Amino acid sequence: MPFIEEILNYGTLSIAGLEKNTGKTESLNYILNRLTINSIRVGVTSTGVDGERIDQVTRTSKPEIFLKEGVVFTTSEKHYRERKILSELLDISDETTSLGRLVTAKALSGGKVMLSGPVSTASLKRWIISLKKRYNVDLCIIDGALSRLSLASPAVSEAMILATGASLSLSIREIVNKTAYAAELIGLPLSQITGRETLLDYEQGIWTIGRDGEVCGPIFESAFTMEKRSIFRIEDGGAIYLTGALTERFLKMISTDTNLTEKELIIKDFTRIFVTPALLRNYLKKGGKITVLQKTKLIALTVNPISPNGYTLDSNRLIDELYGRVNIPVYDIKKNGYKI
Amino acid sequence: MGTRFKDILDSTFGIRFIFSKLNLSSALSGSLIKESRVMTDVADISEAYRELAEFNNFVNLTHNNSLIEKIKIELFELRDIRNTLIRISEGSIPDDIELFEIKSLSMINQKVKTFLESTEINCIKLPDLEDVINLLDPEGNRITSFYIYDAYSSDLKEIRKEISSGYIESEDAIYKMSLIEDRIRGEIYLKLSVRVSDIYESLINLARVDTLIAKARQLKDLNLIIPSHSINSTSYSGMFNPEVKEILKSDRKEYQLIDIEFTVSEPLLITGSNMGGKSLTLKTLALCQYLYQFGFGIPAREASIVAVDKIFLSVGDEQDYRKGLSSFAAEIKRIDNMLSAAKGGKLILSLTDEPAGSTNPKEGTALATALLKVLMKKRALSVVTTHYNIENIVCKRLKVVGFENGVMNYKLSTAIDTSAPGEALRIAEAMGADSEWISIAKAELGVNKR
């Protein structure tokens, strides 16, 4: 039984897809089905707002999540009303999404439900805390989105499973490259700066951090408004902190200045990086150091070799090549006959 | 219909500050305050302050602190379910989410009811909703959670057993189960519908408890008082603007308290130098009047206030460019509205900052003098500030004490002479304005005098 045992070592797990139709929901169903619900209490939600049964873009079917008895789940009012499961309503939160308020309930029998939960990172964190505190949930599972449209970052979870596959590209090499890059970003080291938690609360701007952790700035309101050749100095041992996105423009600017390249560059989490693999690797090779305030551990990859338009890739080759590159367990959950 | 609280929330006199400093537990309380309308009947206002005084006595006793925290924790869970209750009263059958809302409200009600019964508070009586809880908690768990429990009917229990054991075709069984659940919801609805008005009352009264605790605590936090009521004259001693006071405090500066009194029989004319705080005084008077008529604490050491039908504040910095009016035209319209209300037999509070102050001094003086004369004839509370020399009129006059030893004294004192203060040049000089400009202006003044 792949990676299920490993999951039990963590309190929060997110399942993120690199693209739509990468089989994220299948992976989630697979995990939920295999967890020994009797011994641990599981809570689940989704950060996607797109909870439709049929994928609106590609018209392929989007499965509902099957929950076993005892699982605590959070979804929107709309999807709660449409549930096909006997469940006990535990709480209605003040937070609203486009599909209504968030509703938390406990499954009283096995059944299906569509999930649509918190839409921001802060609200996702609140969800985790509230489930752990109020309902003694041992493992919170987040059905996450990695697209830049999603404001809720799956990086708040301790562990992550990444779903990839033929919907990224029809070329295996291309899939492997893209997936390996994502794995590389997820693997960026955790910053050792003092006061990590307080830094997370900063919402805007680019800041400098002194040797002893004192925060100065913001030196720019955002990477978009900074001057092309702005000058700023940071003492030895200091760092630069970006609250928003790491853009190509910013990375190019600091990579030409050896004085700055030596400094630690801190971002909130790996989802904030919007630079090409070549540029990032070039920067790291030059000796640049990029760290994150929130780090998640990638414990497995799942692949879906079927593209939305029906083309099927060689699953074994895809798995082998991915494993060869990222050195993390890779599974094709459907192909290997793991029943869902 | 009178002004709603939300209509004035963003006015220049800063009532939002007071609202934002109100520590409410439930968002519902905030919505109800915003929707509330200004009270004009002194009986309503004094009733509101009687309630506030009762809560003030309650929150001021330190041994009540833990009880208040317990109440606030309960109220924190209070949700605005007015729409649910309206839907039920209009005949629609509630779903699980709505039944959950009613159950959790009823449980909050019972807890807060028990808490309040142990206190001296009499002004709010919560209904007894024990039977509603019993209806929605047939298994007697007393936990805020809800579903159509097995205990509602034996056939429901049977069919659920069959479904979970997997013996029968599930689709058919699930359909049957949903029919039974619908039947039970219908039965619950019938029993609930006769209790909806009590549940609604509970909701509103819980929000009132929340609001009154917050208002009472604000009295202490912001140094506010409960005013007394008057029919002829409004007077404040030690009046201050809470927001400005806080800004000054953060700059380690002291706020100078203002004493002011005016009556319905004659307007009050305030003269004084620029930067003397005249506009701020008018805005603070508007703020206090609204706070009074919405039943909040008043920022003063003592206050006795006349309830009015309508409040008019005309301060020059409100250019209505959206309507395409110049500052002068906008001002004329505001004053005109005020006068027509005064002539319509309403008791108004009119606060006018430098009427016609942006036009030439000759016509401006005429307009300002005439305004005072018209107001004089009406039974109205009015305060007017001016720079102009308004000589041939007898009314109460106050003067900003003004510059003393290079420091501005914002206090008001009774003015004896009728001439306008000539401090503009001194102030400009003290501000370090261009010396050539000021000295030529002084010379010009000398020429004119001759």
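1. Which residues does A:I85 touch, not counting residues up to four places away in sequence? In this predicted model, the residues that A:I85 touches are A:L67, A:F73, A:A107, A:S109, A:G110, A:G111, A:K112 and A:V113.

2. As for its setting, A:I85 sits in the loop of chain A between α3 (77–81) and β5 (87–97), and its relative accessibility is 9%, which is under the 20% cut-off, so A:I85 counts as buried. The C-alpha atom of A:I85 is separated by 17 Å from that of A:L28, a residue 57 places away along the chain.

3. Turning to chain B, the secondary structure comprises 17 helices and 10 strands. The radius of gyration of chain B is 30 Å, whereas the globule rule gives 22 Å for 450 residues, so chain B is more spread out than a compact globule. Along the principal axes, the C-alpha atoms of chain B fill a box of roughly 115 × 50 × 45 Å.

4. The domain division of chain B gives domain 1 (22–214), domain 2 (228–416) and domain 3 (420–450), and the C-alpha centres of domain 1 and domain 3 of chain B lie 69 Å apart.

5. Of the 450 residues of chain B, 48% count as buried, while 72% of the contacts in chain B between residues at least 6 apart in sequence join residues at least 24 apart.

Conventions
Residues are numbered from 1 along each chain as its sequence is written. Chains are lettered from A and ligands numbered from 1 in the order in which they are written. This is a predicted model: local features need pLDDT of at least 70, side-chain atom pairs count only at pLDDT 80 or more; totals for chains, interfaces and linings use all residues. Side-chain values use heavy atoms; hydrogens and water are left out. Helices (H or I, at least four residues) and strands (E, at least two) are DSSP runs, numbered from the N terminus. The radius of gyration is taken over C-alpha atoms; the globule rule is 2.2 Å times the number of residues to the power 0.38. Buried means under 20% relative accessible area, exposed over 50%, partly exposed in between (1.4 Å probe, protein chains only). Contact means heavy atoms within 4.5 Å. Domain bounds come from an automatic or database domain assignment.
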